[in-house]
Amino acid sequence: MWTEIAKEISQATGKPFEIKDRRSVGGGSINQSYAITDGTETYFLKFNSASEYEMFAAEAVGLKEMYDTHTIRIPQPICWGTTDNAAYIVMEWLEFGRGGGSQVWEAMGEQLAEMHRKGVAEQFGWHRNNTIGSTPQINTWMDNWADFFAEHRIGYQVRLAKRRGGNYPDTKKVVEKVREVLADHHPQPSLVHGDLWGGNAAVTKEGEPVILDPATYYGDREVDIAMSELFGGFPAAFYQGYNAAWELDAGYKQRKDLYNLYHILNHFNLFGGGYGSQASRMIDRLMKD
Ligand code: ADP
């Protein structure tokens with residue numbers, strides 16, 4: 001497996017590469033990760049069972065699409081595929097530092113706003129489905145954001161949650177309500193990270209903001225800001241930087257919980273536990289509005 005991956009790297013970069021050393025990297029939630037090096041070049045390698053090939057292919061294409069906006073540092077994908085019984089993705093190795101001061105977080109906000117502004121599509125969705133955590137994420141193109149978010153985001157997760165034993169109102173009624181709440185909101189379809197919690201934002205040793213491990217699609221840019229606030233929030237400088245570069249609409253505060261309901265439902269579908277009742281409370285509030 002290792003030799004085959006090294007060969008693929010050589011082919012992708014056009015430079016001979018042999019793995020002289022490999023070191024396991026912790027911190028991931030789903031995959032096994034390694035730093036692999038020939039003593040000069042180092043790459044980041046993640047692998048999983050062969051059935052996860054699609055997940056890595058979508059991650060690589062998503063990273064590339066974000067990388068191509070040249071707005072915020074993204075690890076550049078090198079190659080991906082299957083070998084023996086494993087699927088893998090190789091990307092540029094980034095040396096992370098210990099977080100950064102407020103200037104770095106301000107830059108992260110500004111640069112994310114630039115990615116949202118420059119990465120534009122004509123519709124909401126993406127040219128392929130991907131995953132959020134390991135849950136499928138449906139990206140079929142749609143003209144209308146309210147329809148897209150109601151059906152492909154909330155509706156899809158509510159259906160899964162019910163199958164998992166969650167006790168929620170009729171899916172159609174929830175979808176209808178989401179559509180109603182978002183009916184007058186017409187954002188541009190922006191390239192979003194899609195899974196922007198603290199673990200997917202980092203700072204290099206040189207102090208450059210980085211975002212990684214995305215669940216990319218074209219959607220309302222507010223979904224990234226909402227998720228950044230979900231588990232404790234990013235430093236205040238991040239929001240200052242973002243708003244200075246591209247101010248959020250006044251209605252963001254009303255939409256924030258609805259956007260985060262998607263992630264809470266997904267956490268219930270992935271991990272179960274208290275996320276089920278948290279989602280239930282959020283849905284009750286939504287239905288009463
Ligand atoms: P998973 O998909 O399993 O959740 P992640 O993509 O979150 O894995 O990566 C796991 C860990 O590896 C991260 O917490 C991060 O510290 C490190 N990491 C991720 N990408 C890179 C990279 N390009 N270079 C160096 N380290 C990385």
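Please keep in mind that the model is predicted.

Is Asp 84 buried or exposed? Exposed means over 50% relative accessible area. Asp 84 has 59%, so this residue counts as exposed.

There is another aspartate to mention. Asp 213 also is not a glycine, and it has a positive phi, of about 55°. The loop that holds Asp 213 runs between strand S10, residues 209-211, and strand S11, residues 217-219. The relative accessibility of Asp 213 is 30%, so Asp 213 counts as partly exposed, because that class covers what falls between 20% and 50%.

Where does the ligand sit? In the largest pocket. Two elements each give two or more residues to the shell around the ligand: strand S3, residues 42-49, and strand S5, residues 86-92.

How many residues surround the ligand? There are 17, and the closest are Ser 29, Asn 31, Lys 46, Glu 92 and Leu 94. Sorted by class, the shell has nine nonpolar residues, five polar ones and three charged ones.

At Asn 31, a polar side-chain atom lies 2.9 Å from an oxygen atom of the ligand. At Ile 30, the atom in question is a backbone N or O, and it lies 3.1 Å from a ligand oxygen. At Glu 92, a backbone N or O atom is 2.9 Å from a nitrogen atom of the ligand. As for cover, the ligand on its own has 550 Å² of accessible area, and the protein covers 88% of that.

Last, the start of the chain. Met 1 lies in the segment before helix H1, which spans residues 2-13. With 25% relative accessibility, Met 1 counts as partly exposed. Which distance separates the C-alpha atoms of Met 1 and Ala 86? They are 8.3 Å apart, while along the chain these two are 85 residues apart.

Terms used: Residues numbered from 1 in each chain as written. Predicted model: local features only at pLDDT ≥ 70, side-chain atom pairs only at ≥ 80, totals over all residues. Heavy atoms only, no water. Near = heavy atom within 4 Å. Polar contact = N/O pair within 3.5 Å; in protein donor to acceptor, adjacent residues only side chain to side chain. Areas by Shrake-Rupley, 256 points an atom, 1.4 Å probe, with all protein chains shown as cover. 1 Å grid on protein atoms, 1.4 Å probe; cavity = no way out; pocket = protein on both sides within 12 Å on 5 of 7 lines; lining within 4 Å. Sits in = over half its atoms within 2 Å of the grid points. Helix = DSSP H or I, 4+ residues; strand = E, 2+ residues; numbered from the N terminus. Nonpolar A, V, L, I, M, F, W, Y, C, P; charged D, E, K, R; others polar. Buried < 20%, exposed > 50% of the residue type's maximum accessible area, 1.4 Å probe, protein only.
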